[in-house]
Structure formats: C-alpha cells, structure tokens
Amino acid sequence: MEQDSSKARKSAECLPSERFRCFVYFVAVACVLSCIVFQFVSLVSMQRRLDLLESKLSEFSTAELKHSRYVHSESLDAKRSLIARRKRSTKPTTNLTDLSKRLIALESRAVNLSKDLRMRSSLRGRDGRDGMPGPPGSSGRDGRDGREGPAGPRGLTGPKGDVGRTGSTGTAGYPGPQGLKGQEGQGLSGVSYNRWGRTNCSGDATVVYTGLMGSDYYTHTGGGSNFVCLTTNPMYDKYESGFQGTAVIHGTEYHSGSFPGFKNNMDQHNAPCAVCYVRSRGSQIMIPASNKCPSGWTREYYGYLMTSHYSDAHSSEYVCIDVDAEVVPGTHADTNGALLYVVEGYCGHGLPCKPYIHGHELTCVVCTK
C-alpha cells in the first residue's frame, strides 16, 4: 500500500513538469514556423520588387534606345539584363542577403537611368525616319449626316425630254378675278359712200356694186327728192303687172351743156354710179365749194356740185358729180327724167360775194376719216 501511494505521489509531482516541457516545445515549434513563414513572405516580396524593377529598367532601356545616339551599346546592356533575368528565372536565388544587395543596386541604377533619361530628353536629337506603314485598320462607324451645303451654280440646260402622255382633264377651277379694262379702241367699222358719175372706186376703197342714178321726174311735184344708186341687176319678189299710177323713179340725165369743167362731154347722157366701201376709216363727208379735204382726212374723189334746175317743179338734193364722170353707154338721147345741172353761186340773196363769186360753178369733194 505504501508503495502504491508513493508511486501516486511521484506521478503527481511529475505531471506539472511534463506540461511545462510540452508548452516549451510548442512555443519553440511555433517560433520556428513563424520564422520560416516570415522568411518565405520576405523572399516572395523581394522577388516581386525585383521583377517590378527589372520591368521598369526594361522600359527605361527601350525609351533610351529610341532617343539615344548610343543605340548599339544600350542594346547590349538590354540583352545582358535579359540574359541575367533568364538565368535568375532558371536558377532562382534563395539567398535573402543576395536579393537585398541586388535590389539596392537595381534601385540605384533605376535612379541613375531616370536622371539620364530626363537629361537626354531635354537634349533631344533629330527625329528618325518614318517607319513602314502599318496594315489598314478596320473601317470605322458611319458618321452623322453633315449640314446641307449652299446651293451650287445653275447647271446647263439638258436635252428636251419626250412628250409625256396626255393626262386626264382636271376639275374646273374657280373663276378668276375680273381683268382691268383695256384701252379704248379706234371704233372703226368702215364707211361707205356713193361715187356719183363713176363705175369704180379710188384708192384703198372697194366697189360694193355699180348702178344707175335714179330719182323722180323733173316736172313732178311729189315723190322722192334724193338721188339713189339703182343696181343694174334688179331682183323682184311679188308684183302687179302694169302701171298703177303711184310713186315712180326715173333715170338721171346730165344737162351740163358746154361746161368745160368736166373732162368728158356728158350732156344729154344718163349718169352712172358706184357704191364704195373703205375698211380702214369710219366717217365720210361731202364738202361743197371745195376740192380739198381738211387735214387728217382722205380725199376719195372731187368734182362739181349738181342738182335739178331751180325752175323745175320737182326739187332734188345736191350731189357731188366726179370731175372725170362717165356716162351710161347708148343713152345719148333727150329722154329727160331726173335732170342734173351744174350749180352756180348767186350773190346778193344771203350768199356773200366775198369769197364767193357771182355766177361761178361750185366744186365739191368727198372725204373720209
């Protein structure tokens, strides 16, 4: 029993020392592991810094190669640095002291290179020759539509196109406004006149028809007093045969005697006539006691003023017989009828002797305008 109690006592005494020893071992192992981990982390961090510096140095070397005159020597250094990197990558350094030294050397070299690069950039040399053009890039997106430019000059007139088909008739439009009143026209519709004693017309006048001078018998006290131009082609309608003793009309006979004013001898001959028309003029007048027209008027013909005898029972109008009067052929016979005598001026009964001359035959003229 005593032996058991003594063993138990010994075992109880040994238990605290065993725990302490275990704790010391644990702490030592933890410290060793912490050192290993720290060493590994430091090594990885150093390796990263080294790689970063080497990449920067490579960039500096590339820039220095572009702007330096000593291209060949710098390219050798670059090649050497690349070879050194390859060697380090194939045989990585695990010595922390060596890495620290190399890191310090690289940092100092980087500082020197940056200073040198700044100085050389300030003393920049000539630009190098242009390199070969690169391959064409891909087409860009279409740009926005530009603003409308100013109108260009008018082009040449093109050839006339073919005639198109006739379109359908459109609807009738609204009536337009009333136009302005036109200028007042001349109002001419032509004029006609009788040319007594002739069978033709003069100037631009045209013959409407020719005929015979007619009026009432010189001894009759009634009937018409005017002269008319009877056509040579009478046309009858309804009639009564025989003479009913009503109104009559006779031919007209010259009783000019030996008057020298006419160009032809017309005494005891019947008188012809013509009806004339002038399109370009609109008025006509017969002026007695003159053989000239007023200014602006056109003379159609002139001659001598004639009428019935002052002692005849039948009075008639005054007519202007052409100075170149004709006769109706085959009528040289004293058959009478309506008679024509040359008119003389008779002073003392209202007709002034100046400018008129007593006993002188009066002229006449027919004018149009």
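**Figure 1. The left-handed disulfide of Cys293 and Cys367 in the predicted model.** The torsion about the S-S bond of Cys293 and Cys367 is about -95°, so this disulfide is left-handed. Distant parts of the chain are linked by the pair: Cys293 belongs to the loop between β6 (284–288) and β7 (298–307), while Cys367 belongs to strand β10 (residues 363–368), 74 residues apart. The sulfur atoms of Cys293 and Cys367 are 1.9 Å apart. Cys367 has a relative accessible area of 0% and is therefore buried.

**Figure 2. The disulfide formed by Cys201 and Cys276.** In this view the two sulfur atoms, from Cys201 and Cys276, lie 1.9 Å apart. The link of Cys201 and Cys276 is left-handed, with -95° about the S-S bond. Cys201 is located in the loop between β1 (191–196) and β2 (206–215), and Cys276 in strand β5 (residues 272–278); the pair therefore ties together parts that are 75 residues apart in sequence. Cys201 counts as buried because its relative accessibility is 16%, under the 20% limit that defines a buried residue. Cys276 also counts as buried, at 0% relative accessibility.

**Figure 3. The right-handed disulfide of Cys229 and Cys273.** Cys229 and Cys273 form a disulfide in which the sulfur atoms are 1.9 Å apart. The link of Cys229 and Cys273 has 95° about the S-S bond and is right-handed. Cys229 in strand β3 (residues 228–231) and Cys273 in strand β5 are 44 residues apart, and the pair links distant parts of the chain. Both partners are buried: the relative accessible area is 9% for Cys229 and 0% for Cys273.

**Figure 4. Disulfide pairing across the structure, with two further cysteines.** A search of the whole structure finds four disulfides. When the bonded cysteines of the protein chain are numbered in sequence order, the pairing reads 1-4, 2-3, 5-8, 6-7. Among the disulfides are those of Cys201 with Cys276, Cys229 with Cys273 and Cys293 with Cys367.

Conventions:
Residues numbered from 1 in each chain as written. Predicted model: local features only at pLDDT ≥ 70, side-chain atom pairs only at ≥ 80, totals over all residues. Heavy atoms only, no water. Disulfide = S-S within 2.5 Å. Helix = DSSP H or I, 4+ residues; strand = E, 2+ residues; numbered from the N terminus. Buried < 20%, exposed > 50% of the residue type's maximum accessible area, 1.4 Å probe, protein only.
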